[in-house]
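Please look over the sequence and the structure shown here before reading on. The briefing that follows moves from the whole chain to individual residues.

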Amino acid sequence: MAASMSPPMQLLPLELIDKCIGSRIHIIMRDDKEVVGNLCGFDDFVNMVLEDVVEFESTSEGRKVTKLDLLLLNGNNIALMVPGGEGPEY
């Protein structure tokens, strides 16, 4: 008898984000900003609370780096999330 193959595990987007709570996440915003921080929590609209945050912004003078203790992100402005990502090089 042939070995039965189990269907691939399905992971919904909000389940993946939930697994990232307490770990680093790299977020690319719709504007010229990128954010890296520890994910504290989120809601159904993917609004996020991050701590120990580094924000990278591309300006005409070059890259601006801002460090923040706590940040609330509006989920409408998020383009891409990379679990475990450390962001662009300093």
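**Overall picture**

Among the contacts in the protein with a separation of 6 or more, 45% are between residues 24 or more positions apart, where contact stands for heavy atoms within 4.5 Å. The model is predicted, so local features are given at pLDDT of at least 70 and side-chain atom pairs at pLDDT 80 or more, whereas totals for chains, interfaces and linings use all residues. Residues are numbered from 1 along each chain as its sequence is written, and side-chain values use heavy atoms, with hydrogens and water left out.

**Fold and surface**

- The protein has one helix and five strands, these being DSSP runs numbered from the N terminus, with helices as H or I of at least four residues and strands as E of at least two.
- Read from the N terminus on, the elements follow the order α-β-β-β-β-β.
- Of the 90 residues in the protein, 28% are buried, a class that means under 20% relative accessible area, with exposed over 50% and partly exposed in between (1.4 Å probe, protein chains only).

**Cysteines**

- The structure holds zero disulfides, a disulfide being a pair of cysteine sulfur atoms within 2.5 Å.
- Cys20 counts as buried because its relative accessibility is 6%, while Cys40 counts as partly exposed because its value is 35%.

**His26 and its surroundings**

- His26 is found in strand β1, which covers residues 24-29, and it is buried, with a relative accessible area of 10%.
- The side chains of His26 and Glu34 are joined by a polar contact of 2.6 Å, the term covering a pair of N or O atoms within 3.5 Å; within protein, one must be able to donate a hydrogen and the other to accept it, and residues adjacent in sequence count only if both atoms are side-chain atoms.
- Leaving aside neighbours within four places in sequence, the residues in contact with His26 include Glu34, Val35, Val36, Leu80, Met81 and Val82, as well as Gly85 and Pro88.

**Positive phi angles**

- Val46, although not a glycine, has a positive phi of about 60°; Val46 lies in the loop between β2 (33-42) and β3 (48-59) and is buried at a relative accessible area of 18%.
- Asp52, which is not a glycine either, has a positive phi of about 50°; Asp52 has its place in strand β3 and counts as partly exposed at 48% relative accessibility.
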